[in-house]
Amino acid sequence: MEKMQCKCGHVNPPGTILCESCGRSLTEEEQNKKLADMRYEGTARRSQTYNKSIIDKIWNFFSSVKVGVSIIVLLLIAAAIGTILPQAQYVNVPVRNDETIKAYYADVYGEIGKIYHFLGFHDLYSSAWFIILVGMLAISLIVASLDRFVPLYRSLKNQRVLRHRSFMDKQRIYAEGPAPEDAMLKAEEKLKELKYKVTLDKNGLLAEKGRFSRWGPYVNHIGLIIFLFGVMLRMMPGFYVDETLWIREGETRAIPDAPGYFLESKNFTMETYTGEGDEAKFEEAIDRVGSVAKNYQTDIVLYQTPDKSLPGATDDMEQVKEHAIKVNQPLKFDGYAVYQMDFRQNELKAMTFDLTNKETEESLGSFTIDLVNPEKSYDLGDDTRVDLLGYYPDFSGFENGEPQTETPVPNNPGFLVRMFTPETPDGEVSFIVIQNTIEPLGENDYKLTFQTAETRDVSGLTIRKDRTLPILGLGGLIFMIGVAQGMYFNHRRFWIQKQEDGELVLAGHTNKNWFGLKKDLDQVSGFAALPPYVDQQEEIEKQEKLKKEQKLEGDELS
């Protein structure tokens, strides 16, 4: 596009609709309007001017408000879908890796779980496509801000006091007529009293205040960009950790996303109110619900491996500290905080069975199945063994003849076994769950008899580390400053010019709160005896309303 030269001689950038120097309308469309378009002071935005190169098209795409809103809607929809099923960090699996998590979603939620995991919704906020959307939103905010901020800043910085009569005529607040000789001096005095910045040039006056409010939306954008930067930093290793760790009594486990650190659970303790003495106030609650928790805590030992140790090596661990983790009393170390969030009492740890002859009740030996890491075969000696063909920690029934498990936690363990004895060298198959045994291939001569079970308590711990909080807080603070800047303040301007014939012409504009602008003008007009003003927007609306009424009356008569 070619540059546009005004009749006053000023050369304007392509796409300008109001001359930067005198304010004349430069396009035919703008000339036909009753009021001037003052949104960006009539200056050209890059996105409305250039559309040839690939850079122009990318710029125009991201500068669009519709695109920005669409990205926000997509992020909101994705975040909503991410709440349908639990996120991966809240999934309780004995061994945390991609395969076990994938199997968990498939086992617990079926086909929906498989699709959910395949699309990445199980780890939504760390998924590549979600991060890309957040990045696109940040780019959209930056491009849209620059596209609008630069021309607006340039035009407001280079404001002229004297404006062409056509510019004055097309302002919403307009006045013309005779005025006293000292009207300009009194208007200047009153405007300064009202905290306006007054600039004089020959026979003209420009009064302005509250220009900083025009930058409110851009301050908002800066705050949002900093906030999004903090959000994206959370995807970087070491900046943000929010993991769940289920640890059983006597177990030592690596702390997720804390390389070199291990936790050992020594003991879990739960205390309840007795309802006696000073605790009598809880008696009613105890009668209603059975028990009220007073305290639950995990006594742990924190270990650290030397810097030069291999990943996962636990041979040379050094004890760092012992700590009792209670609710709101976390273990803190190296920027991490470990909170007591949940617990499970009396989880099955191991089950002991006897292999017995059903007819004589004679025992051929006993063995113990570790319910966390079961072995595939148990040798009882004398050509007697039991092979574990299938293990279902939380047996939930059969589907198409296949045993199913609802969760990987041993709440209702089921075992598919083959029992070998000297009398049955080919083996006999049994499916065993608590208080029930199924013999799918016919009646067996031998059976497994439950003897004892070993239980232990499990602590649900949350590991948190957040180095992005200062960045998020700064972004939020800047955003709120922008909100206050743009919401509670407004940019007001008056142009007053004395014509050669002695008449005074006045025009006023504000980006919002026209009532406040008129209130200021009433004070100035009363003090300086300025000609009465009109709100041309209200006049236009009245004329349009009158035309509609006349049209309706004409339709009724016809």
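**Entry 1: the hairpins**

Which residue in the turn between β19 and β20 has a positive phi? I looked it up: Q435 does, at about 65°, and the hairpin of β19 and β20 has 2 residues between the strands.

Before going on, I noted that this is a predicted model, in which local features need pLDDT of at least 70 and side-chain atom pairs count only at pLDDT 80 or more, while totals for chains, interfaces and linings use all residues. Residues are numbered from 1 along each chain as its sequence is written, and side-chain values use heavy atoms, with hydrogens and water left out.

My strand and helix names follow DSSP runs, numbered from the N terminus: helices are H or I with at least four residues, strands are E with at least two. Two strands pair if DSSP finds at least two bridges between them.

β19 (residues 424-433) and β20 (residues 436-438) are antiparallel and share 3 bridges. G414 sits opposite V433 of β19.

I also checked how covered β19 is: 7 of its 10 residues are buried (buried is under 20% relative accessible area, exposed is over 50%, partly exposed is in between, with a 1.4 Å probe and protein chains only).

**Entry 2: the cores**

Next I looked up nonpolar cores, meaning sets of buried Ala, Val, Leu, Ile, Met, Phe, Trp, Tyr and Cys residues joined through side-chain atoms within 4.5 Å. Which residues touch the most other members of the largest core? They are L191, Y196, I496 and L530, in a core of 21 residues. Elements giving two or more residues to this core include α7 (183-193), β22 (492-498) and α11 (514-528). The most comes from α11, with 5 residues.

I then followed L530, using contact in the sense of heavy atoms within 4.5 Å. Leaving aside neighbours within four places in sequence, L530 is in contact with A183, I496, L504, L506, V524 and S525. A second, separate core has 20 residues, among them V67, A88, Y116 and L228.

**Entry 3: D520**

D520 is in helix α11. Is D520 buried or exposed? D520 has a relative accessible area of 7%, so it counts as buried. Not counting residues up to four places away in sequence, D520 touches L194, Y196, K209, R492 and F494. I also compared D520 with Y104: their C-alpha atoms are 68 Å apart, and 416 residues separate them in sequence.

**Entry 4: two helices**

I turned to α5 (residues 128-157) and α8 (residues 216-233), which pack at about 155° with axes 10 Å apart. Axes are lines fitted to C-alpha atoms, for helices over the stretch in contact, and angles run from 0 to 180 degrees between N-to-C directions. α5 and α8 are therefore roughly antiparallel (under 35 degrees is roughly parallel, over 145 roughly antiparallel, 65 to 115 roughly perpendicular, the rest oblique). Residues making the contact include I131 and L152 of α5, and Y218 and M232 of α8.

**Entry 5: two aspartates**

Most residues other than glycine have a negative phi. I found D382 with a positive phi of about 55° and D383 with one of about 60°. D382 lies in the loop between β14 (377-381) and β15 (384-392), and D383 is in the loop between β14 and β15. D382 is exposed at 68% relative accessibility, and D383 is exposed with a relative accessible area of 68%.
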